Amino acid sequence: MNKKKLAQFRSQLESIRSELLGGFEKSNQNVKESEIGQIADISDDAARSYSRQLEGELGEQGWQKLKQVDTAIEKIGEGEYGVCAQCESAIPEARLQVVPYTEFCTQCLSEMEKNPKATSIIDEDPFEEN
Ligand SMILES: [Zn+2]
């Protein structure tokens, strides 16, 4: 994939990301401002509770989407964008244009839909408690 296209996908991903986060930041501004006096420095606990709060606010779907968007942006930085995380073949650009944060090619995705347990490999949340 050429640099121009990568840059396009990147800006697409970044606007999806700020859309997701934008709503959250707005609705939580009052809470955060009142907490600043109490939390002197951002500890791991604070980051964790922020993350959990964000997860609650976005809902399961929005949270998953945010994680996928983050992963995709990381992959662009690593030069691995557009490669299926499962079979390592190239994801068709037409698909990336529809879902720029997709991690899998259409073939792997349809196999996962048939067999939902296989998706557990992508469900690694360090903040998960249960
Ligand atoms: Zn694949």
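The model is a predicted one, in which local features need pLDDT of at least 70 and side-chain atom pairs count only at pLDDT 80 or more, whereas totals for chains, interfaces and linings use all residues. Residues are numbered from 1 along each chain as its sequence is written, and side-chain values use heavy atoms, with hydrogens and water left out.

**Exercise 1. The fold**

Describe the secondary structure of the protein and the share of its residues that count as buried.

Solution. Step one is to take the helices and strands as DSSP runs, numbered from the N terminus (H or I of at least four residues for helices, E of at least two for strands). On that basis the protein has four helices and zero strands, and along the sequence the pattern reads α-α-α-α.

Step two turns to burial, where buried means under 20% relative accessible area, exposed over 50%, and partly exposed in between, with a 1.4 Å probe and protein chains only. Of the 130 residues of the protein, 27% count as buried. The exposed surface comes to about 9,000 Å², of which carbon and sulfur atoms supply 48%; such areas come from the Shrake-Rupley method with a 1.4 Å probe, and for residues only the protein chains shown count as cover.

Step three concerns contacts, meaning heavy atoms within 4.5 Å. Among the contacts in the protein with a separation of 6 or more, 58% join residues 24 or more positions apart.

**Exercise 2. The zinc site**

Identify the residues that coordinate the zinc ion, and state the geometry of its site.

Solution. Step one is to find the donors, which are N, O and S atoms within 2.8 Å of the metal (3.2 Å for Na, K and Ca); water is not among the atoms, so sites may look incomplete. The zinc ion is coordinated at 2.3 Å by the SG atoms of Cys-84, Cys-87, Cys-105 and Cys-108, and the spacing of these donor residues in sequence is C-x2-C-x17-C-x2-C. Cys-84, in the loop between helix H2 (44-78) and H3, and Cys-105, in the loop between H3 and helix H4 (106-114), are 21 residues apart, and the pair links distant parts of the chain.

Step two is the geometry: four donors count as tetrahedral if all angles lie between 85 and 135 degrees. The angles among the four donor atoms are 107 to 117 degrees, and the site is tetrahedral. For comparison, the ideal angle at a metal with four tetrahedral donors is 109.5 degrees.

Cys-84 and Cys-105 are both buried; Cys-105 counts as buried because its relative accessible area is 6%, and Cys-108 because its relative accessibility is 9%. The structure holds zero disulfides, a disulfide being a pair of cysteine sulfur atoms within 2.5 Å.

**Exercise 3. Residues compared**

Decide whether Leu-54, Gly-77 and Glu-88 are buried or exposed.

Solution. Leu-54, found in helix H2, counts as buried because its relative accessibility is 6%. Gly-77 also lies in helix H2, but is exposed, with a relative accessible area of 61%. Glu-88, in the loop between H2 and H3, is exposed at 65%, and its phi is near 65 degrees, a positive value in a residue other than glycine.

How values were computed. Tetrahedral: all angles 85-135°; square planar, octahedral: opposite > 155°, others 65-115°.
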